[in-house]
Amino acid sequence: MRTSMNRVALAPSILSADFSRLAEQVAEVEAAGAERIHVDVMDGHFVPNITIGPVVVRSLRRVTALPLEAHLMIAEPDRYLEAFADAGVDGLTVHVEGAVHLHRTLESIGKLRKRVGLALNPATPAALLDEVLPELDLVLVMTVDPGFGGQDFIASTLPKIRRVRELVDRVRPACELEVDGGIHAETAPRVVEAGARVLVAGSAVFEDPAGIRAAMERLRAAVAGLAVRATGTR
Ligand code: DX5
Ligand code: ZN
């Protein structure tokens, strides 16, 4: 599930998929070269929306070989880490704003032998990473306020992506930098130039009238060559 510094990985978010044909849609993104599947878990409490839980993850696990990353937009994430781990996820990403004893939560994910991810909302400063970055396999910079697919990209997150990139390069280069929210062919080059290397995309992948494959090709073309350049000029 690791990505090289010079490659951009696509993580389609199934939030925008047609849930009545979930296996089919996942097979389609897999065939189109998706590197992983992003699973948005919402509890109607931490965020206003409610989505899916471990039961769906368990079914998904059976129909794809791709890594599954659970983005937990839930209050008290500690209560559910084990359930998602048992259901077959490869990585668990919790929100810094939702975990009271964050260090313990991250440690629990590590003990479950899952990839340890931490998400930051748009208004949450990158400086919060200072104390925990050595524990992380992935930092997820939210580029919208979490809760819904299809929202507009928040451009003020770009300087933060740059700050996180610098921090990661300095302290923990193996840690992935992922962005999530409002990512499409116009915004993807901007986040990659800022330092993102994993792009979550929901509506841009599943709601493009040209279809999933064409949508993913468009995203890849939009960032082709950029990651290498951005890293090289730093
Ligand atoms: C938002 C979710 C995202 C969402 C992205 O709360 O975390 O993963 O699916 O959707 P798009 O790509 O449509 O903004
Ligand atoms: Zn997400």
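Predicted model: local features only at pLDDT ≥ 70, side-chain atom pairs only at ≥ 80, totals over all residues.
Most residues other than glycine have a negative phi.

The protein as a whole contains nine helices and eight strands. Its C-alpha trace spans about 40 × 40 × 30 Å along the principal axes. The radius of gyration is 16 Å, which agrees with the value near 17 Å that would be found for a compact globule of 234 residues. Of these 234 residues, 54% count as buried. Among contacts between residues at least 6 apart in sequence, 66% join residues that are at least 24 apart.

Helix 4, which comprises residues 102-111, has Leu102, Thr105, Leu106 and Ile109 as its buried residues. When the helix is seen down its axis, these buried residues fall within an arc of 95 degrees, so they line one face of helix 4. The elements that cover them include helix 3 (81-87), strand 4 (91-95) and strand 5 (115-120), whereas the face turned away from the buried side carries the exposed residues Arg104 and Lys111. Just after helix 4 comes Arg113, which is placed in the loop between helix 4 and strand 5. Arg113 is a residue other than glycine with a positive phi, near 60 degrees, and its relative accessibility of 75% means that it counts as exposed.

Two further residues, Met142 and Thr143, illustrate the buried part of the protein. Met142 belongs to strand 6 and is buried, with a relative accessible area of 2%. Leaving out residues up to four places away in sequence, Met142 touches His71, His95, Leu120, Asn121, Pro122, Thr157 and Asp180. The C-alpha atom of Met142 is separated by 10 Å from that of Ile183, a residue 41 places away along the chain. Thr143 is found in the loop between strand 6 (138-142) and helix 5 (158-171), and with a relative accessibility of 0% it counts as buried. Apart from neighbours within four places in sequence, the contacts of Thr143 are with Asp152, Phe153, Ile154, Thr157, Ile161, Val179, Asp180, Gly181 and Ile183.

The largest pocket of the protein has a volume of about 270 Å³. It is lined by 26 residues, of which Phe148, Gly149, Gly150, Gly181 and Gly182 are the closest to its centre. Strand 2 (37-42), strand 3 (68-73), strand 8 (198-201) and helix 7 (203-206) are the elements that each give two or more residues to this lining. By class, the lining is made up of eleven nonpolar, twelve polar and three charged residues. Gly181, named among the residues closest to the pocket centre, is also one of the contacts of Thr143.

How values were computed: Residues numbered from 1 in each chain as written. Chains lettered and ligands numbered in written order. Heavy atoms only, no water. 1 Å grid on protein atoms, 1.4 Å probe; cavity = no way out; pocket = protein on both sides within 12 Å on 5 of 7 lines; lining within 4 Å. Points joined across faces, edges and corners; volume = space filled by probe spheres on them. Helix = DSSP H or I, 4+ residues; strand = E, 2+ residues; numbered from the N terminus. Nonpolar A, V, L, I, M, F, W, Y, C, P; charged D, E, K, R; others polar. Buried < 20%, exposed > 50% of the residue type's maximum accessible area, 1.4 Å probe, protein only. Arc of directions from axis to C-beta. Contact = heavy atoms within 4.5 Å. Rg over C-alpha atoms; globule rule 2.2 N^0.38 Å.
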